[in-house]
Amino acid sequence: MRKTLIGGGIAAVLAAGGGGAYAFGLFSDLGEPVSFGKTQESAAAAEDIRPGVLMPTGPKAPFARTSRLPDGTQIGMTTLTGPKSGFKGDVWVWVPKEYDDPRYAKSAFPVLISLPGGRGYPKNYWGTGPALGLQQAVIDGVKAGTSLPFILVMPVINADTKHHFDGSDIPGQPKMGTWMADDVPDFAKANFRTFTSRDGWAFMGSSSGGFGAFKNVMKYPERFKAVIASGVDFVPDSPLWNGNRQAMDANNPEKLAEKLIKAGGPDVYVNFQIGTKESGREAAERFMRTYGRGPVHTRLQVIQDGEHNGKSYVRGMREGSLEWISKVMRGPTPDPGVG
């Protein structure tokens, strides 16, 4: 009976996405070095790099394998010390199989910076929990023609396990806003073929990570074009602000939306996700009524029987949000001269 239960447990782990099997030590390559972009060097040497494509700038980060998905793609983890923020934290990366396809060797890929909820430190559950299905949702969406083959970059979002930093540079605290808006994108540019324009840069996140994702797109519309924000708050509420209203307003999506509307752009695209078994729909609809005009384009994905958790939000992405964001972002272009 014990062997049957163990076997069933292993099967369940594999069925859930494969990545969880590494937690049980079923594969021997856990923690081994992994590299992405086998076609990059030959592409970088070519003189006909396409306009709008940024080849990896370096230096290359060392990645350790943490998971392997059924299609052979992998999640790698590295530790990044942000040159601009000074913050040191872990970042997980998943790269779609198309990235190593020779047909796309000269093409950039869109980046979806994916932020977790909860404490978001010292782990990012999108990276450490592939069984949640985020990577598989992209894989399946690419096959179905409803998703771009996004590179998923999954950093920690807070500086410790005790505090929320609202994805912001709170005065006197670690610069988590600079970490997410500057250091993490620069890290992606150093290691991967990316787009030079904001058409290839977006965020997604849930709960506290959803706020950070939402806020960063509203604050830096010249860098990021779109966001999927799930179960999100709409104003900064960390006690670490200590009533510093000026600093809070500078990181308040509502204030930032007002500023963007007055400026007349650039256009940003915001997709809220709310489950019917959680609160927050009224706040999302209020934001949409008040600020969903001019350059601020909003959409609501209602998840039937959805709860305040990652699995529900991935389901919402499968049901429409992933296709929506893929339509407003720029995707890779295959080289017609490569078979």
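Is Arg223 buried, exposed or partly exposed, and what is its relative accessible area? I looked this up in a predicted model. Arg223 is partly exposed, with a relative accessible area of 27%.

**Entry on Arg223 and its partner.** I found that Arg223 forms a salt bridge with Asp182, at 3.0 Å from N to O. I noted that Asp182 sits in helix α5 (residues 176-191), while Arg223 belongs to the loop between α6 (208-219) and β10 (226-230). The two residues are 41 apart, and their pair links distant parts of the chain. I recorded Asp182 as buried because its relative accessible area is 13%, and buried means under 20%.

**Entry on the network.** I then looked for further links. Asp182 and Arg223 belong to a network of salt bridges that also contains Lys84, Asp186 and Glu222. I recorded 12 salt bridges in the structure.

**Entry on Lys106 and Asp335.** I looked up the salt bridge between Lys106 and Asp335, whose closest N and O atoms are 3.6 Å apart. Lys106 lies in the loop between β5 (88-94) and β6 (111-115), and Asp335 in the segment after α10 (310-328), so this pair ties together parts that are 229 residues apart in sequence. I noted that Asp335 counts as buried, at 15% relative accessibility.

**Entry on helix α10.** I also examined Arg315 and Glu319, which form a salt bridge at 3.2 Å, N to O. Both residues lie in helix α10, four residues apart, which is about one turn of the helix. I recorded Arg315 as partly exposed at 29% relative accessible area, and Glu319 as partly exposed at 44%.

Terms used. Residues are numbered from 1 along each chain as its sequence is written. This is a predicted model: local features need pLDDT of at least 70, side-chain atom pairs count only at pLDDT 80 or more; totals for chains, interfaces and linings use all residues. Side-chain values use heavy atoms; hydrogens and water are left out. A salt bridge is a side-chain nitrogen of Lys or Arg within 4 Å of a carboxyl oxygen of Asp or Glu. Buried means under 20% relative accessible area, exposed over 50%, partly exposed in between (1.4 Å probe, protein chains only).
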